[in-house]
Amino acid sequence: MSYTFDFTPVINGFPTLLLGCIGTLWLALSGMTLAIVIGIGGVVLRDSHIKPLRWLVIAFVELIRNTPFLVQIYFIFFALPFMGIRLNPTPTAIIALGVNGGAYAIEIIRGGVQSINKGQLEAGRALGLRKGQVFRLIVLKPALRAIFPSLASQFILLTLTTSIASAVAAYELTSVAKLIENESFRSFEVYGTITIMYLVMSWMMMNFLNFMSRRYLSYPVK
Amino acid sequence: MSTSASSPAAAAIAPMIAMEGVEKWYGTFKALTDINLTVRPGEKIVLCGPSGSGKSTLIRCINHLETYEKGRIVVDGVLLDNNPKTIDVVRREVGMVFQQFNLFPHLTVLQNCTLAPMRSRGLARDAAEATARRLLGRVKILDQADKYPAQLSGGQQQRVAIARALCMEPKAMLFDEPTSALDPEMVKEVLDTMIGLAKDGMTMICVTHEMGFARQVADRVIFMSEGAIVEEGPPAEFFQNPRHQRTKKFLGEILPRY
């Protein structure tokens with residue numbers, strides 16, 4: 001072990017690495033938002049009385065959960081242009097993360113919806129609320145509350161998965177780190193540093209999610 | 001919406017709820033057999049019978065929480081068919097109180113009471129809250145308006161559930177074993193609330209085993225067995241001289257407890 005540590009490239013590149021962190025957090029938060037929308041929308045369609053819609057959602061979930069994320073992001077970035085859909089790296093990454101996270105979110109949120117006592121639905125219906133209102137006003141919040149820990153760990157995973165977006169050169173921490181490493185060959189210093197940065201970001205994200213849960217999903221239970 | 005007759009006198013005797021030849025099946029099991037029941041405005045009915053006799057199913061048909069296969073149900077002049085619009089009209093006119101309260105856990109007591117008036121009747125928040133506070137006062141629980149259901153006792157929760165149903169200003173109320181899930185010491189506060197409601201002239205159908213309540217409040221007691229109405233009559237007559245063997249047996253099993 002005669003390796004001499006040299007953090008100069010990391011120190012010089014630190015502002016760039018911090019910008020990379022912001023890129024990563026941006027991808028993660030945008031991806032999560034999209035995933036929530038897809039998750040909730042998917043659950044509504046998944047349990048709708050229109051059979052083809054239900055099948056469509058099942059097929060979507062199976063497709064996404066049984067194929068690699070890298071292939072999904074390559075598909076959007078390299079294959080869709082042949083269909084006339086051309087997206088920049090960052091939108092590509094956000095859509096890939098959102099669609100992938102959304103497929104998992106559908107299954108998780110659906111579990112929460114199914115855990116809601118049937119009496120809640122009946123009480124809502126008996127008060128003259130329509131089916132959609134019952135879902136939105138009565139079922140959704142307790143359902144999300146019930147599955148929050150699973151959803152949160154899925155979203156931490158999504159945060160870490162943003163690094164795969166470096167494969168299409170989206171602006172995020174791993175891409176930035178690669179550039180610095182390519183110029184300096186200081187692999188250990190660079191990847192060691194961003195490992196810690198990812199750890200800190202995961203921790204921040206967990207705190208953020210817990211805060212959101214306390215703010216929007218909390219109420220007293222027995 | 002009502003098919004009210006031209007003369008006030010005729011309107012006065014038009015039934016609030018009419019069930020004619022109603023039958024319901026769960027697959028091959030016949031849950032309700034030829035149910036004929038007419039409830040006048042302001043009338044109080046107590047439904048009793050052994051478990052599985054179809055009491056709950058019967059009242060759940062009235063607000064279409066259960067479908068029925070044969071016969072017809074008319075609520076306040078509205079024929080209850082499978083049309084979602086008609087169903088919603090009827091549900092806004094008929095309040096229901098459940099055995100398990102079914103309060104919405106994520107909403108405060110006040111929000112539980114204003115949700116449907118605002119979202120289903122389209123009331124403004126101020127008006128909905130004013131009505132809710134008035135009715136929470138009536139069930140003597142106004143001081144808990146900002147608490148969440150989990151912070152209340154069972155009896156308090158059930159009184160909130162009654163207030164919540166009343167906030168829709170229903171023309172009739174259905175009670176599905178409202179005291180069965182309560183600890184004994186909380187039964188009275190809920191029954192007292194129901195007695196008050198009855199005195200104010202609400203049309204009520206109550207599925208309950210509280211025979212003291214039936215004696216005090218009911219205009220008619222109806223006994224069901226195996227999905228059919230076996231016997232009915234004013235409480236005095238019903239309890240003194242039950243005619244059917246099954247009624248006698250049921251009362252014999254249930255009355256010594258009281």
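Guide: A salt bridge here is a side-chain nitrogen of Lys or Arg within 4 Å of a carboxyl oxygen of Asp or Glu. Keep in mind that this is a predicted model, where local features need pLDDT of at least 70, side-chain atom pairs count only at pLDDT 80 or more, and totals for chains, interfaces and linings use all residues. Residues are numbered from 1 along each chain as its sequence is written, chains are lettered from A and ligands numbered from 1 in the order in which they are written, and side-chain values use heavy atoms, with hydrogens and water left out.

Visitor: What makes Arg138(B) and Asp200(B) a salt bridge?
Guide: Their side chains meet at 2.9 Å, N to O, and the limit is 4 Å, so the pair qualifies. Arg138(B) sits in helix 5 (residues 125-138) of chain B and Asp200(B) in the loop between helix 7 (184-199) and strand 8, so the bridge ties together parts that are 62 residues apart in sequence. Helices (H or I, at least four residues) and strands (E, at least two) are DSSP runs, numbered from the N terminus.

Visitor: Why is Asp200(B) called exposed?
Guide: Exposed means over 50% relative accessible area, buried means under 20%, and partly exposed is in between (1.4 Å probe, protein chains only). Asp200(B) comes out at 55%, so it is exposed.

Visitor: Which salt bridge joins Lys171(B) to another part of the chain, and how far apart in sequence are the two parts?
Guide: Lys171(B) meets Asp76(B) at 2.8 Å, N to O. The lysine lies in the loop between helix 6 (154-166) and strand 7 of chain B, and the aspartate in the loop between strand 4 and strand 5, so the parts joined are 95 residues apart.

Visitor: How do you know that Lys24(B) and Glu66(B) form a salt bridge?
Guide: The N to O distance is 3.9 Å, which is within the 4 Å limit, so it counts. Lys24(B) is in strand 1 of chain B, and Glu66(B) is 42 residues away, in the loop between helix 2 and strand 4. Both ends are buried: Lys24(B) has a relative accessible area of 3% and Glu66(B) of 13%.

Visitor: How much area do chain B and chain A bury between them?
Guide: About 2100 Å², 61% of it on carbon and sulfur atoms. Buried area is the accessible area (1.4 Å probe) that two parts lose on being put together, summed over both. Arg91(B), His106(B) and Arg119(B) supply 28% of what chain B buries against chain A, more than any other three residues.

Visitor: What makes helix 2 of chain B mostly covered?
Guide: 7 of its 8 residues are buried. One of them is Thr57(B), which counts as buried at 13% relative accessibility. Leaving aside neighbours within four places in sequence, Thr57(B) is in contact (heavy atoms within 4.5 Å) with residues including Lys24(B) and Glu66(B).

Visitor: Why are strand 6 and strand 10 of chain B said to stand at the edges?
Guide: They belong to an open sheet of 6 strands with the order 6-7-8-3-9-10 and mixed pairing. Strand 6 (94-97) and strand 10 (228-233) each have a single partner strand, so one side of each is left without a neighbour in the sheet.

Visitor: What makes strand 7 and strand 8 of chain B a pair?
Guide: Two strands pair if DSSP finds at least two bridges between them. Strand 7 (residues 172-176) and strand 8 (residues 203-207) run parallel and are joined by 5 bridges, so they pass that test. Met173(B) stands opposite Met204(B) in strand 8.
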